[in-house]
Amino acid sequence: MSIRNSLLALLERGPMHGYQLRAAFEASVGGTWPLNIGQVYTTLARLERDDLVTALPENDEGQRPYEITATGRAELTVWFATPIERADRPRDELAIKLALAMTTPGVDLTAVVQTQRMAGIRALQEYTRLKARGGTNPDDLPWLLVLESMIFQCEAEIRWLDHCETAVLRKRAVPVPRSDVPQEAGA
Amino acid sequence: MSVLEFCDVHRTHGTGEAAVHALRGVSLTVRPGELVAVMGPSGSGKSTLLNLAGGLDLPTSGEVLVEGVGLDSLSHRRLSEVRRRTVGYVFQDFNLLPSLTAAENVALPLELDGVSIRASRRAALAALGDVGLAGLAARFPDEMSGGQQQRVAIARALVGDRRLVLADEPTGALDSQTGEMVLRVLRDRVDAGAAGLMVTHEARHAGWADRVIFLRDGSIVDTSGPLASVTDLLEPTW
């Protein structure tokens, strides 16, 4: 996830100082991803170093607003125009864990799947509770969409876990051919 | 007091080597204001659980109590009364009578129970209002969308002073958005004091429940109870 591009997108609305940026970010994602002020300032410093933003003079309260530059605007356009490639995302630890669980002696894959499934269901319950609390105010839509992306991902993970479990159980259920049973002729 | 209680319930079909153990020692309670979802693979005992909760089937051993009364201690006649007066069902395919209007469908269980037509109708209109359908009381099922029909079914399940709603895949025949609207209505009715037990295979729908129990081979293998703090789930990922 790119805080860098998120801050550029927020600055496209107009100059803002660090605390305003943090508040605007959290309003956009509904507090689903808390951002600490240290991350905001570190990122602003890097953006300034790369000429993507410029610092404006401090205001009377001693806060320094930042403004997006033409280069920053160009970078933002590229971000919105470029799909996020699946290969750019972190490797899925769960998929690796399950693959290893299948081949590690003494590990009960069904139990690993069940533990993960219940964690997913718990997360879904909590997300749903947040969603149910949400109003019908159009201003809520951006963060509701963020929340629903989490719900969809969670659901997809649970469906994949169901699939893994079924596949493993089916494999186990295949009867081992027995050589001492005579084959029926002419079936 | 719990509206529904299972105490070490076993249900076995058949005997000897052919015996099928549909439920093996299930205990659970559902209180007013609580929606419990039941998940699990096919054949795990979900339908048996729902049938026992509604008195459509009786346990081989253990006890099922509805509002504190053990169902297997009741005469046939009293059991029918509990089914009519306390328990309501919501099915996947709505099961509304096509020749009756929404209000008539909702009033039917009360009329069958001997309540006057006038009082039944008044209760039906109130129940339809509770599910946001006051304006559609005179519509026939085929004049309503699937989501509206299912909301009528929820109204019918909880008309009068019935307090236990048993739902079998209530969103199964609906698209995702409509299914969610139906669950919001079910959730509202439960928040207003009913108790709900819902079988579903969709995790996103189970997310509306206060508790999710997971059945496997007739036993509860997991319960996701009251939840951890939301902030644990929302840690930043960068």
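**A loop in chain B and the strands around the fold**

Guide: B:N95 is placed in the loop between β6 (87-90) and α3 (102-112) of chain B; helices (H or I, at least four residues) and strands (E, at least two) are DSSP runs, numbered from the N terminus. The model is predicted, so local features need pLDDT of at least 70 and side-chain atom pairs count only at pLDDT 80 or more, while totals for chains, interfaces and linings use all residues. Residues are numbered from 1 along each chain as its sequence is written, with chains lettered from A and ligands numbered from 1 in the order in which they are written.

Most residues other than glycine have a negative phi. B:N95, a residue other than glycine, has a positive phi near 55°. B:N95 is partly exposed, with 13 other C-beta atoms within 10 Å. The classes are buried for 20 or more other C-beta atoms within 10 Å of a residue's own, exposed for 12 or fewer, and partly exposed in between, with C-beta atoms placed from the backbone.

Another positive phi in chain B belongs to B:D217, near 50°, in the hairpin of β9(B) and β10(B), where 2 residues separate the strands. Strand β9 (residues 211-216) and strand β10 (residues 219-224) run antiparallel; two strands pair if DSSP finds at least two bridges between them, and here there are 5. B:V212 faces B:S224 in β10(B). Strand β9 of chain B also pairs with strand β3 (residues 35-39) of chain B, this time in the parallel sense over 4 bridges. There B:V38 has B:I213 of β9(B) as its bridge partner.

Chain B also holds an open sheet of 4 strands in the order β2-β1-β4-β5, with antiparallel pairing. Its edges are β2 (20-30) and β5 (69-70) of chain B, each with a single partner strand, so one side of each has no neighbour in the sheet. Within the sheet, strand β1 (residues 4-13) of chain B is joined to strand β4 (residues 61-66) of chain B by 5 bridges, antiparallel. B:C7 stands opposite B:E63 in β4(B).

Taken whole, chain B has 8 helices and 10 strands. Its radius of gyration is 18 Å, close to the 18 Å that the globule rule gives for 238 residues, so chain B is as compact as a globular protein of that length. That radius is taken over C-alpha atoms, and the rule is 2.2 Å times the number of residues to the power 0.38. The C-alpha trace of chain B spans about 60 × 50 × 35 Å along its principal axes. Of the 238 residues, 45% count as buried. Two residues are in contact if their C-beta atoms, placed from the backbone, lie within 7 Å. Among the contacts in chain B with a separation of 6 or more, 69% come from residues 24 or more positions apart.

A:D51, not a glycine, has a positive phi of about 60° and sits in the loop between α3 (37-49) and β1 (53-55) of chain A. A:D51 counts as exposed because it has 12 C-beta neighbours inside 10 Å.
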